[in-house]
Amino acid sequence: MALPNLASASGRKTAAKSANKTSFKSGGEFTGRNSLDFSKDEDLHAYREMLLIRRFEEKAGQLYGMGFIGGFCHLYIGQEAVVVGMQMAQKDGDQVITAYRDHGHMLATGMSARGVMAELTGRRGGYSKGKGGSMHMFSKEKHFYGGHGIVGAQVSLGTGLAFANRYRGNDSVSVAYFGDGAANQGQVYESFNMAALWKLPIVYIVENNRYAMGTSTSRATAQSNYSLRGSGFGIPGIQVDGMDVRAVKAAGDEAMEHCRSGNGPIILEMLTYRYRGHSMSDPAKYRSKDEVQKMRSEHDPIEQVRKRLLDKGWSNEDELKGIDKDIRDIVSDSADFAQADPEPDASELYTDILL
Ligand SMILES: Cc1ncc(C[n+]2csc(CCOP(=O)(O)OP(=O)(O)O)c2C)c(N)n1
Ligand SMILES: [Mg+2]
């Protein structure tokens with residue numbers, strides 16, 4: 001099959017020529033021109049979005065414990081700044097794809113708490129009509145492409161989304177999230193090769209939360225600086241403090257511009273941490289409680305913003321309590337809906353099937 005002439009198909013050629021001033025070096029420091037400071041509105045927005053994800057996940061954990069959620073369920077608690085900061089750097093039309101630790105990504109793209117929670121409980125009003133569960137939800141409207149249980153698979157699919165953008169000549173960027181464990185999968189590198197070769201507009205986000213199930217990165221990986229993983233293909237990469245939503249947004253802004261200007265793919269390694277177990281059944285013997293507690297008390301992404309809002313006089317306890325209440329209302333409404341909504345009709349077994 002003859003490959004399309006991508007360079008001329010998209011009109012990116014000119015942009016690529018003028019966009020050589022990238023501020024990224026492979027594995028180098030972030031030297032972006034964006035300030036790390038957030039405005040009051042940005043901080044309030046980030047606070048609200050991260051709190052929504054946190055409270056949603058806590059509720060999902062409770063419902064799981066009560067037996068309302070079947071199958072797998074992987075919580076995102078601790079990593080909220082990554083997806084919220086990136087979403088703030090994106091524009092409408094940019095696609096998001098991720099693995100199975102995906103509820104935060106869905107909420108950040110604007111998918112409804114009701115629809116996500118009802119999918120977790122397997123109800124009709126869920127995004128996959130109750131047939132997909134935690135790991136298999138999609139929203140074309142919000143440009144969210146899943147939700148994937150095969151470790152690393154979403155990296156290739158996300159590269160395909162970027163290929164489609166390039167082929168169609170639009171200026172959308174695909175954002176593919178994957179874990180430190182997934183970063184050791186072979187198909188990731190096949191994807192890197194094609195993305196670099198064809199200068200595909202994709203931001204690869206490695207969510208380095210230090211563990212792949214119960215295996216720490218130090219035990220499993222020869223090169224633990226994941227931002228360097230694209231260097232053999234000429235893909236620049238940087239490490240980002242993934243617990244600081246401002247750092248994520250600043251790096252995200254630069255990365256999106258890098259892609260939109262026709263420079264091809266880029267890797268952002270987000271240094272982050274998950275507070276909960278890998279999934280709902282995790283003996284947690286591979287790390288100490290002190291390690292988790294230290295991250296929570298010294299680096300919590302939501303507390304950082306909360307403290308800043310109070311220190312700067314941009315908000316006060318009363319206002320923050322009000323935001324907290326709004327969020328709790330949204331989440332409990334979603335949980336009520338997810339328990340009251342009927343299960344799918346048995347006839348649904350025969351729909352949405354590829355034969
Ligand atoms: C191809 C494949 N191999 C193994 C598994 C089993 N598995 C599920 S999650 C996981 C760990 C992945 O860790 P990481 O990529 O760091 O993501 P995190 O869970 O930390 O978000 C493994 C090995 C799988 N689902 N798919
Ligand atoms: Mg991991």
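**Figure 1. Lys289 is an exposed residue, with a relative accessible area of 76%.** Exposed means over 50% relative accessible area, buried means under 20%, and partly exposed lies in between (1.4 Å probe, protein chains only). The model is predicted: local features need pLDDT of at least 70, side-chain atom pairs count only at pLDDT 80 or more, and totals for chains, interfaces and linings use all residues. Residues are numbered from 1 along each chain as its sequence is written, and side-chain values use heavy atoms, leaving out hydrogens and water. Lys289 sits in helix H11 (residues 289–299). Helices (H or I, at least four residues) and strands (E, at least two) are DSSP runs, numbered from the N terminus. Tyr275 is 14 residues away from Lys289 along the chain. The C-alpha atoms of this pair are separated by 9.8 Å.

**Figure 2. His148 is a buried residue in a loop.** The loop runs between helix H6 (113–120) and H7. The relative accessible area of His148 is 14%, so the residue counts as buried. Which residues does His148 touch, not counting those up to four places away in sequence? They are Ile97, Thr98, Ala99, Tyr100, Met135, Phe138, Gln154 and Leu157. Contact means heavy atoms within 4.5 Å. One of these partners, Gln154, is also among the buried residues of H7.

**Figure 3. Helix H7 covers residues 153–168.** H7 has 16 residues. From its first C-alpha to its last it reaches 23 Å, close to the 22 Å expected at 1.5 Å a residue. The expected span is 1.5 Å times one less than the number of residues. Buried residues of H7 are Ala153, Gln154, Val155, Gly158, Thr159, Leu161, Ala162, Asn165 and Arg166. Just after the helix, Gly169 takes a positive phi of about 75 degrees.

Figure 4. Buried residues make up 53% of the chain. Of the contacts with a separation of 6 or more, 77% join residues 24 or more positions apart.

Note on methods: Chains are lettered from A and ligands numbered from 1 in the order in which they are written.
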